[in-house]
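This briefing concerns the structure shown below.

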Amino acid sequence: MAYTVYNFQDNNDVKKIAEKGQFSVVEWQRDLSVSPWSAQTAWFSSEMNVRRRQLIANLDGRTGVALQAGAMQWTVGSVQSTTGVKGAGDLMGKMFRGAVSQDSMIKPEYTGTGMLVCEPTWQHLLLIDLAEWGNSVVLNDGLFLACDSTIQDSLQRRSNMSSAVAGNEGLFNLRLDGSGVLALESPCPVEEVIYIDLHNDELKIDGNYALVWTSGLEFTVERSGKSLIGSAVGGEGLVNVYRGTGRIMMAPMQPATNYNTYAAVSTD
């Protein structure tokens with residue numbers, strides 16, 4: 001069995017911008033599939049690095065990949081798909097994880113030999129080797145796109161329930177353990193990502209800027225000041241606090257509400 005793909009990765013408008021393990025990221029330098037009334041928006045988007053990007057997994061028959069539900073666009077070769085559910089107990093666990101987080105309940109797994117291509121996205125795609133993070137990370141909601149099937153997913157609970165209620169966020173975050181590569185959909189490119197290493201210290205962030213952090217860190221939501229009056233006067237209110245020893249990946253901006261579409265420019 002053999003296949004050949006033309007006018008995709010060899011297209012002059014397609015550039016490979018990242019590669020780790022069996023994953024690679026390609027970026028379309030221009031968007032030519034436009035109409036007269038959307039061409040101006042497409043041109044300015046390209047100039048400001050707002051471009052279509054796609055994640056590719058080259059399966060070699062040894063390690064499969066797990067995807068966020070609905071992320072697959074096409075596959076070629078001898079590639080098989082399963083639900084990734086390993087029995088009734090595993091199904092119940094995945095249903096619970098899906099109910100308390102923004103990530104999909106079922107993450108399909110693809111195995112075999114061939115190529116898998118994910119749906120295009122306007123967000124930035126980051127590849128992370130878990131070995132560089134102590135083989136265990138926690139993700140902010142909605143960032144997971146794909147990972148090697150050698151990585152196991154579970155939930156990490158906030159340090160206390162009151163912090164989740166006070167911060168108006170969920171009580172659980174997606175946790176990934178094991179060896180392999182993880183692919184994230186990020187609101188910012190890798191060139192702008194901020195890394196902070198803590199050594200028995202603490203980091204306070206006023207907003208939902210943290211993307212990834214090592215699972216050994218304690219994560220709570222607390223008042224920025226020592227009292228309610230102090231927090232109110234300071235104007236910050238509640239902040240996300242990370243304590244202990246570990247690493248945090250932080251974005252310089254809040255996640256966008258909708259990256260996957262841009263409005264067409266009206267000619268009226």
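This is a predicted model: local features need pLDDT of at least 70, side-chain atom pairs count only at pLDDT 80 or more; totals for chains, interfaces and linings use all residues.

Gln-73 belongs to strand β5, which spans residues 72–82.

**Surroundings of Gln-73**

- Beyond its neighbours within four places in sequence, Gln-73 is in contact with Gln-54, Val-117, Cys-118, Glu-119 and Pro-120.
- With Gln-54, the contact includes a polar one: the two side chains are joined at 2.9 Å.
- Pro-120 lies 47 residues from Gln-73 in sequence, yet the C-alpha atoms of Gln-73 and Pro-120 are 8.1 Å apart in space.

**Nonpolar cores**

- In soluble globular proteins, nonpolar side chains tend to be buried together.
- The largest nonpolar core holds 21 residues, and those touching the most other members are Val-137, Leu-139, Leu-176, Leu-182, Leu-184, Val-212 and Met-249.
- At least two residues of this core come from each of the strands β7 (124–129), β8 (136–139), β9 (144–148), β11 (172–177), β12 (181–186) and β14 (210–214).
- Leu-184 touches His-124, Leu-125, Leu-126, Ile-128, Leu-139, Leu-143, Phe-144 and Val-212, when residues up to four places away in sequence are not counted.

**Cysteines**

- A search of the whole structure returns 0 disulfides.
- Cys-118, one of the contacts of Gln-73, has 1% relative accessibility and is therefore classed as buried, the limit being under 20%.
- Cys-188 is likewise classed as buried, because its relative accessibility is 0%.

- Asp-31 sits in the loop that links β2 (23–28) to α1 (39–47).
- Because its relative accessibility is 17%, Asp-31 falls under the 20% limit and counts as buried.
- A polar atom of the Asp-31 side chain lies 3.4 Å from the backbone nitrogen of Ser-33.
- Within α1, the buried residues are Thr-41, Ala-42, Ser-45 and Ser-46.
- Viewed down the axis of α1, these buried residues fall within an arc of 130 degrees, so they line one face of the helix.
- Trp-43 and Glu-47 are exposed residues on the face of α1 turned away from its buried side.
- After α1 comes Asn-49, which has a positive phi, near 65 degrees.

Conventions: Residues are numbered from 1 along each chain as its sequence is written. Side-chain values use heavy atoms; hydrogens and water are left out. A nonpolar core is a set of buried Ala, Val, Leu, Ile, Met, Phe, Trp, Tyr and Cys residues joined through side-chain atoms within 4.5 Å. Buried means under 20% relative accessible area, exposed over 50%, partly exposed in between (1.4 Å probe, protein chains only). Helices (H or I, at least four residues) and strands (E, at least two) are DSSP runs, numbered from the N terminus. Contact means heavy atoms within 4.5 Å. A disulfide is a pair of cysteine sulfur atoms within 2.5 Å. A polar contact is a pair of N or O atoms within 3.5 Å; within protein, one must be able to donate a hydrogen and the other to accept it, and residues adjacent in sequence count only if both atoms are side-chain atoms. The arc is that of the directions from the helix axis to the C-beta atoms.
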